[in-house]
Amino acid sequence: MRIGLAADNGNWHKARLRAALRSLGVEPVLFSLADVAVVTGGGEPLQVPGFADGLPDGVLLRTIAGGTFEATTMRLGVLHALVASGVTVWNGPVAIERSVDKAATSLLIARAGLPTPDTFVVSKREAAAEIVAREARPGRPIVLKPLFGSQGEGLMLLETPDDLPIPEAVSGVYYLQRYVPRSDGLWRDYRVFVCEGRAIAGMIREGDGWITNVHRGGRPHAWDVPARAAELAEAAAAAVGVDYTGIDLVEDGEGGFLVLEVNSMPAWSGLQQVTEVDIAGAVARGFLNAVRAARPPRLVSALG
């Protein structure tokens, strides 16, 4: 198989995935989406580094290089073009677009009938101020999240409309979500890793503040994922259409869980510290299974 591993940063994850693919008998070609070109005038116009004589059979996507709106649009366009050409891409561009856009994720989770904190997404500060005035109060804040963001960056707790930033600070979109406190006062939430539609590992994340991301100092702890959490995470992954993902959950205070986020390019270095499951190995196996399933069977000559 001709396999590409698209990764621009994150050397730890890149090395783990590369080693996992090699252990399964595949030597991946490492490349960046930023180096893919479109050249017309003869032959295949989509030119992927390392695949001079045609497109790969599959691309395992770890990261997309940051950049301008135009650059990101082009890189997603490259992924769409690969999929349209029959290349297996994990995660695919539709799943990435749905999960990177928190409003789209919330819409899909709600339409699937899955439990999630009450969420409000509006474009005007006046509309956001009305929501905060109605829904928040001291001791019962609303969470403001950037529409595009990860690893706990840019999160704010709002108690009054005056706490709202100006539209330019949120790129003209106010994504507001009800904060769900724990009755015991601990700063804790949960991550479930789903691959090929199945919850394979999970962890508790605890912090010294309300943002528990491991990247921001949260502490991972081993967690024997209960069936109800595993089923919810699997349903959330299916609703958004991701092949491998990290699903963030919080307890609802009634013995169940709520879906917070669906991550299309999840990090798992913290999770790997507290689980015996080989996360990179599971992702590599699932991806190669998908590539094999998508490839047409080879014809065998009747003469052998």
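**Labels and their cut-offs**

Guide: Let's start with a pair: the side chains of E261 and K145 meet in a salt bridge, at 3.4 Å from N to O. E261 sits in strand 15 (residues 257-263) and K145 in strand 8 (residues 142-145), 116 residues apart. Strands here are DSSP runs of E with at least two residues, helices are runs of H or I with at least four, and both are numbered from the N terminus. This is a predicted model, where local features need pLDDT of at least 70 and side-chain atom pairs count only at pLDDT 80 or more, while totals for chains, interfaces and linings use all residues. Residues are numbered from 1 along each chain as its sequence is written, and side-chain values use heavy atoms, leaving out hydrogens and water.

Visitor: What makes the contact between E206 and R188 a salt bridge?
Guide: The term asks for a side-chain nitrogen of Lys or Arg within 4 Å of a carboxyl oxygen of Asp or Glu. E206 and R188 meet at 2.3 Å, N to O, so the pair qualifies. E206 lies in strand 12 (residues 198-206) and R188 in strand 11, so the bridge ties together parts 18 residues apart in sequence.

Visitor: Why is E206 called buried, but R188 partly exposed?
Guide: Buried means under 20% relative accessible area, exposed means over 50%, and partly exposed is in between (1.4 Å probe, protein chains only). E206 has 15%, so it is buried. R188 has 24%, so it counts as partly exposed.

Visitor: How do you know that R178 is buried?
Guide: Its relative accessibility is 17%, so R178 falls on the buried side. Its salt-bridge partner D118, at 3.4 Å from N to O, has 41% and is therefore partly exposed. Both belong to a network of salt bridges that links D118, R134, E135 and R178.

Visitor: Why is the ring pair of Y190 and W223 called tilted?
Guide: Rings of Phe, Tyr and Trp (its six-membered ring) pair if their centres lie within 6.5 Å; planes under 30 degrees apart count as stacked, over 60 as edge-to-face and the rest as tilted. For Y190 and W223 the centres are 4.5 Å apart and the planes at 35 degrees, so the pair is tilted. Y190, at 4%, is buried, and W223, at 16%, is buried too.

Visitor: How many aromatic pairs does this rule give?
Guide: Eight. Ring pairs also link W12, W90, F193, Y244, W268 and F287 into a cluster.
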